[in-house]
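Student: I have a model open and would like to go through it. Can you take my questions as they come?

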Amino acid sequence: MQLKARSISTLLLVLGFTLYLFVNEPQSAYAMHIMEGFLPLGWAVFWWVVFVPFFILGLRALVKITKETPELKIMLGLAGAFTFVLSALKIPSVTGSSSHPTGTGLGAVMFGPLPMSVLGSIVLLFQALLLAHGGLTTLGANAFSMAVAGPMVGYIVYNWMMRASGKQKLSIFMAAALADLTTYVVTSLQLSLAFPAESGGVLASFVKFGGIFAITQIPLAISEGLLTVLIWNWLQAYSSEEFSALHRRMKGVKQS
């Protein structure tokens, strides 16, 4: 019976990934998030300054996790790999940017938001250097939206919904979906601050960027939430020891 349940769980995971990759098949795009050189120098530097403190705190959190619970290194690697794979799926959106899932909600639920500031920024750095998606000058802005703001909202939503409803799967779905949407709300804000509209200023520009992003991002956020729940179910079935360690050590995971 247990073997049958695991087989069904694995099959659902494979089918989920297949459907997800089919629906969100990568296409040619301008860049990952905000492309290299697209932001004015002042704004590029500003977002670097805002992002760096979170990165430092994230490094400290990762060091603490790996020292106190070394058995969670595999789960950390999985959270990073999940973010890399999902955020590499791009759909052209606003000129100079693109829409795609982020994959940061899973790691935020498991480890909290600070470790994701490091894992997410490493993902963005690799994609900028190896896949020509994004850039180095805009890495601070992209990392703040995807690796800081998104995981922070996902973490808060997960904990709030667990306290309010106790429904873990629903909480994970909402955390992943809203972490994704938050990334693009922040990206829209970053673009509108850098390029305010001649008529209406920052607010009009924000409405414009956010409206264009919403066309592709809302369906992506819903599908990412569903996929994250599938991944969670699979991990619970096949990584019981690691999940026990998460329950004991990490604040991000709460028992259902």
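Student: What does the accessible surface of the chain come to?
Tutor: The accessible surface is about 11900 Å², and 71% of it belongs to carbon and sulfur atoms. Such areas come from the Shrake-Rupley method with a 1.4 Å probe, and for residues only the protein chains shown count as cover.

Student: Where do these values come from?
Tutor: This is a predicted model, where local features need pLDDT of at least 70 and side-chain atom pairs count only at pLDDT 80 or more, while totals for chains, interfaces and linings use all residues. Residues are numbered from 1 along each chain as its sequence is written, and side-chain values use heavy atoms, with hydrogens and water left out.

Student: How much of the chain is buried?
Tutor: Buried residues are 50% of the 256 in the chain. Buried means under 20% relative accessible area, exposed means over 50%, and partly exposed is in between (1.4 Å probe, protein chains only).

Student: And how many helices and strands are there?
Tutor: The chain has nine helices and two strands, in the order α-α-α-β-β-α-α-α-α-α-α. Helices (H or I, at least four residues) and strands (E, at least two) are DSSP runs, numbered from the N terminus.

Student: Which residues carry the UniProt annotation "transmembrane region"?
Tutor: The unreviewed UniProt entry gives that annotation to residues 41-62, 74-91, 111-132, 139-158, 170-197 and 209-235. UniProt positions are in the numbering used here, feature names are shortened, and annotations may be inferred rather than shown by experiment.

Student: What does the model have over 41-62 and 139-158?
Tutor: Residues 41-62 are 100% helix and 0% strand, with the end C-alpha atoms 31 Å apart. Residues 139-158 are also 100% helix and 0% strand, and there the end C-alpha atoms are 27 Å apart.

Student: Next, helix packing. At what angle do H5 and H6 pack?
Tutor: H5 (residues 113-130) and H6 (residues 139-164) pack at about 145°, with axes 8 Å apart. Axes are lines fitted to C-alpha atoms, for helices over the stretch in contact, and angles run from 0 to 180 degrees between N-to-C directions.

Student: Which residues meet there?
Tutor: On the H5 side they include Met116, Gly120, Val123 and Leu124, and on the H6 side Ala143, Met146 and Tyr155 are among them. Contact means heavy atoms within 4.5 Å. The residues of this contact divide into 13 nonpolar, four polar and no charged.

Student: Met146 is in that list. Is it buried or exposed?
Tutor: Met146 is buried, with a relative accessible area of 0%. Its C-alpha atom is 8.6 Å from that of Thr187, 41 residues away along the chain.

Student: What does Thr83 touch?
Tutor: Thr83, in helix H3 (residues 73-87), contacts Thr102, Gly103, Thr104, Met116, Val123 and Met146, leaving aside neighbours within four places in sequence. Thr83 is buried, with a relative accessible area of 0%.

Student: How many residues of H4 are buried?
Tutor: Eight of the eight residues in H4 (residues 104-111) are buried. Gly112 follows H4 and has a positive phi, near 90°.

Student: Last one, Trp47. What does that residue touch?
Tutor: Trp47 is in helix H2 (residues 41-68) and touches Leu39, Gly140, Ala141, Phe144, Gln190 and Leu193, not counting residues up to four places away in sequence. Trp47 is buried, with a relative accessible area of 6%.

Methods
Nonpolar A, V, L, I, M, F, W, Y, C, P; charged D, E, K, R; others polar.
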